[in-house]
Amino acid sequence: MAGPNTFQSRTWISRFTHHHVVVFLLTFFSYSLLHASRKTFSNVKVSISSQWTPTYLNKTAVKLEPEELWNGSHLFPDAEEATLFLGTLDTIFLFSYAVGLFISGIIGDRFNMRWVLSFGMCSSAVVVFCFGTLTEWLHFYNKWFYCSLWILNGLLQSTGWPCVVAVMGNWFGKAGRGVIFGLWSACASVGNILGACLASSVLQYGYEYAFLLTASVQFAGGIVIFFGLLISPEEIGLPGIEEEESSEDDPCRPLINSADSEDREPNYSIQEVSRIHQPKAISFSQACCLPGVLLYSLAYACLKLVNYSFFFWLPFYLSNNFRWKEAEADKLSIWYDVGGIIGGTLQGFISDMLQKRAPVLAGSLFLAIASLVGYSRSPNNKTINALLMTITGFFIGGPSNMISAAISADLGHQEMIQGSSEALATVTGIVDGTGSIGAAMGQFLVSLIQDNLGWMWVFYFFILMTSCTILFISPLIVREIRSLVLRRHTMIE
């Protein structure tokens, strides 16, 4: 006799059309391109630092005469101050990105998400071009100008994640969401890999060409999104996911429930079904009060701090700590993202089988602490470092992908707001926005801790933040484990 998991698999697989595949690929690669442009900046930090410091420290710049170079492009007296400013740029980018996420989530629920996403991609590409390419071509170097551009870039890039998660949530229902979103959330890691490959392929000609290449590809992607992305099945006459799920013979509960509704069967009425065709956006305060939103947002603030610290600083750490070449460090850092891709997909699959997310997150995060201890003691060996890096990415990047994608979609499709399907972008913006605030604070703290105490204390800081992630979701972990035990006892009886 087929169980509920088998039934679920058959139903969500049978509903797939080629439109689902196109939406999956377009949203996947649109966010990959946004991440690729961010990764380019982290991959060329050594080159930028060399360009911004005096000639006798700048061994990579040969385009200008020494005196002209010193007078024209130096911003800092030494590499340490340049590194601190690069960390400051990361921080202001993430703070503006976090503020933008709260705003973009609200905008995405009220305007056509295809327009919002396309505008953000194309505009961000222009800003990246001006920041990294145009300023170098014109030999224009100004700290305030760089800061202004990077604030604007953070605001524009924030249009991406709430929109792509909301579009995916419109097309893919709760059945199978863990594995689908787990695989799809690899878009950030694929973007990191793509950005590293693009940057390293042209870095020998100058860091400005790395920015030029990624900005051009991102702009072209924004044009494709404008003409090719379908926001929801209703646009082409297909039934929406709420309508499909409410009409199934064996409806399953959402994976995120309020405590009061956990033991109560969902009550679908004719009025509720009719409201699906008239979606209404919920307010920011209403979205914050949804069960699980604040706890997962705070947990994600700690976890994204760790994940984005690896994203922004890993190539620099490898070059600075092991004295490996910048291009080699860029390519080696890819293994962290490979671990995140595998971790997000596998952990999403397990959470689908259990029909619970928090226990899977807890197990992965406990192992993440052990992996951080191991990686902090990696020897000066590229093979061993890559292996430990992959394991660390599996246990940190995997849970990060799950919270930002599958869990955000669960939170935005709870029973109590099924009559208001225009909530997903707002909820996603809250979760990712709070996470980005934590990540922004972390980038400044990482540069500060590294400069004063060294890299080992940076890893101690990562372990502390991972522990805080577990602490914030501990009420959800206890509740869901209790539910699993109760369900198992019921099956045995």
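This note goes through a predicted model, from the whole protein down to single residues.

1. Basis. The model is predicted, so local features require pLDDT of at least 70 and side-chain atom pairs pLDDT 80 or more, while totals for chains, interfaces and linings use all residues. Residues are numbered from 1 along each chain as its sequence is written, and side-chain values use heavy atoms, with hydrogens and water left out.

2. Overall make-up. The protein has 22 helices and zero strands. Both are DSSP runs numbered from the N terminus: helices are H or I with at least four residues, strands are E with at least two.

3. Of the 493 residues, 59% are buried. Buried means under 20% relative accessible area, exposed means over 50%, and partly exposed lies in between (1.4 Å probe, protein chains only). A contact means heavy atoms within 4.5 Å. Among contacts with a separation of 6 or more, 84% are between residues 24 or more positions apart.

4. Surface. The protein exposes about 20,100 Å², and carbon and sulfur atoms supply 67% of that area. Accessible areas come from the Shrake-Rupley method with a 1.4 Å probe; for residues, only the protein chains shown count as cover.

5. Nonpolar patch. Leu 84, Phe 95, Ile 437, Met 441, Phe 444, Leu 445 and Leu 448 form a nonpolar patch on the surface, together giving about 550 Å² of accessible area. Patches take residues with over 30% relative accessible area and no salt bridge; like charges are joined within 9 Å, and nonpolar side chains (Val, Leu, Ile, Met, Phe, Trp, Tyr) within 5 Å. A salt bridge is a side-chain nitrogen of Lys or Arg within 4 Å of a carboxyl oxygen of Asp or Glu. Helices α5 (79-108) and α20 (424-452) each supply at least two patch residues, and α20 gives the largest share, five residues. Leu 445 lies in α20 and is partly exposed, at 30% relative accessible area.

6. Gln 347. This residue sits in helix α17 (residues 334-354) and is buried, with a relative accessible area of 4%. Leaving aside residues up to four places away in sequence, Gln 347 touches Val 360, Ser 364, Phe 394, Gly 398, Pro 399 and Met 402. The side chains of Gln 347 and Ser 364 are joined by a polar contact of 3.3 Å. A polar contact is a pair of N or O atoms within 3.5 Å; within protein, one must be able to donate a hydrogen and the other to accept it, and residues adjacent in sequence count only if both atoms are side-chain atoms.

7. Cysteines. The whole structure contains zero disulfides, a disulfide being a pair of cysteine sulfur atoms within 2.5 Å. Cys 163 is buried at 0% relative accessibility, and Cys 187 is buried with a relative accessible area of 0%.
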